[in-house]
Amino acid sequence: MPAKTAPDADARTEAAPPEEAVGPLVRGVGVLRRLTGAGGTLSPSGLERATGLARSTVDRITATLARMGYVRLDGRDVVLAPGVMELGNAYLAALRLPALLGAHADALADELDESVSLAVADLDGIRFIHQATRRRALSVSFRIGDLLPAERTAPGPLFAAEWAQRDWARWRARRAADPTDAAFPAVPPRQKPAGGSGRADHSDDAGDPGFARRVERACRDGWAVDDQLIEPGLVAVSLPVRDPGTGRVACAVSVVSHTSRHSAAGLRAGLLPRLRTAAAAMESALRTAPPPEAGPPPSGLATWTTASKHQLGRDFVESLARGLTVPAAFGEGRSALSLSEVARATGLTRATARRALLTHEHLGLVVSHPDRTFGLTPRVLDLGFPPLSRSTLPRLAGPHLRALADRLHEPTALAVLTPDGTEIQYTAGAGASRVLTVHVTVGARLPATATPPGRVLLADTAAPLPPALAEVRAQGYALVDEELESGLRSVAVPVRDRAGRAVAALEVATHAARRSLEDCVHGVLPALRATADDIQSDLHTASRFTRIPVS
């Protein structure tokens, strides 16, 4: 079945693009949107059906996206890769709200023991920019970047209270064209009433006067509730967080639960006072926030594309790659850029940068301002962010472990320390096609002091270290020779998070008869370190605005 995409994204893409639009960029963004709507994975033939593009075009686009690190080709499938999150990261960094308010949302979730989210308006929908989710058997599964129809959410009436007539007209047109919300993959479709009238639940007609009444109540009360509008059992209460400069709603903060814990009325009565306190603290944080630290502006973001074109030839679509570097020009302190600033940041000519910006504006990813600057829209999060925002370190590391195992013809594994620090636990692994090999069982535990992963992780602690661990810290790796088992020789290096902490260890194991100690240091270790760097790069990209569990 063709992947679902966000409502106006389809409308914009189906409308005739401007004459100067970059066709390959339009098609490449369409591929990323279809992959996102499908959960992150589609076969090339599935992409061909979903996009309507020729197979040769799909192959060239996916080869280009793979070169950029935005997808990987996994057997017969095209899979979103963590590198594509750089696009969403650019928007979230430019927005600043997750950085300024995320800690407040996390603290509120801890205080209430309920899920808390931050959302912004996206035309006639709402889009999540931060999630603090409780880990329960029955929990809320929305992701950063998910787009929901405004009328089925608690934040929706808060944003709609500021709509102009053209916004209401757009919303009514969307409701009439899509009464079951089929274009919103993050929510269950509305059920048509018996008799096949085509009208959806919670609606009196295609315009949904029920939503208009909820907007009126939100204007009067200053808060809004979702009483099982998205799905039976799901309830939420929301408050606006206002921009101190304009007084308009910057984002909405919501507490989300289910009816086994709270009714909608109980959620409002019991948690609204604490939600008000948190919203006030968030508005204070916005008022007192220092100016953003832009740092040195990027430069030459697209200069690498020429060499890739020479290397790959017609399989590399240079105009697509150049166009997709444009969002990376934005970021903290760079929320609004002129054409000249985008050209300088990317290394593109002004004419090429202008065409890319016009194309992104046509696709709904960029908005132009009256002062002739440009900014990213929340729709950038459509490009791969939701499926990858709930990843884990073992999932990120998996492709790299398999590639390293294939390269060295030796088994590889990822391990973490147990909470008490006495053992390691294997969280991922990849085997090698050998008669004599080491079998790594995910979940297995071994003494930390007797294994290379354990020694690498223990060496990262702040406590005074014994000489053996001090040496491991100094050299940056641990090598164990037949200490755990006769014939078993293994080496490990740390995998570090954005703060530089060793959160996991990457290991290669071999038989002593197959590789000498010297070969382990000079042959295996460089490949091991390069792979750890690749895993760290993915981890740092994916965890900039999302929490990535290490196990």
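Good morning. The second largest pocket has 26 lining residues, and those nearest its centre are Q131, T133, R390, T546 and R547. Please note that the model before you is a predicted one.

The volume of this second largest pocket is about 800 Å³. Two elements, helix 6 and strand 5 (125-132), each contribute at least two residues to its lining. Helix 6 gives the largest share, namely four residues. By class, the lining of the second largest pocket comprises ten polar, nine charged and seven nonpolar residues.

I turn now to the largest pocket. Its volume is about 1,400 Å³. In this case 41 residues form the lining, and L95, A121, V249, A250 and P378 lie nearest the centre. Several elements give two or more residues to this lining, among them helix 5 (85-95), helix 6 (97-112), strand 4 (115-122) and strand 9 (249-258). The lining of the largest pocket divides into 22 nonpolar, twelve charged and seven polar residues.

Finally, I come to a pair of helices. How do helix 2 and helix 3 lie relative to each other? The axes of helix 2 (residues 23-37) and helix 3 (residues 44-51) come within 10 Å and cross at roughly 110°. Angles of 65 to 115 degrees count as roughly perpendicular, and the two helices are therefore roughly perpendicular to each other.

Thank you for your attention.

Definitions and conventions:
Residues are numbered from 1 along each chain as its sequence is written. This is a predicted model: local features need pLDDT of at least 70, side-chain atom pairs count only at pLDDT 80 or more; totals for chains, interfaces and linings use all residues. Side-chain values use heavy atoms; hydrogens and water are left out. Axes are lines fitted to C-alpha atoms, for helices over the stretch in contact, and angles run from 0 to 180 degrees between N-to-C directions. Angles under 35 degrees count as roughly parallel, over 145 as roughly antiparallel, 65 to 115 as roughly perpendicular and the rest as oblique. On a 1 Å grid over the protein atoms alone, a cavity is a set of points where a 1.4 Å probe fits but cannot get out, and a pocket is an open set with protein on both sides within 12 Å along at least five of seven lines; lining residues have an atom within 4 Å of a point. Grid points are joined across faces, edges and corners, and a volume is the space filled by probe spheres set on the points. Ala, Val, Leu, Ile, Met, Phe, Trp, Tyr, Cys and Pro count as nonpolar, Asp, Glu, Lys and Arg as charged, and the others, Gly among them, as polar.
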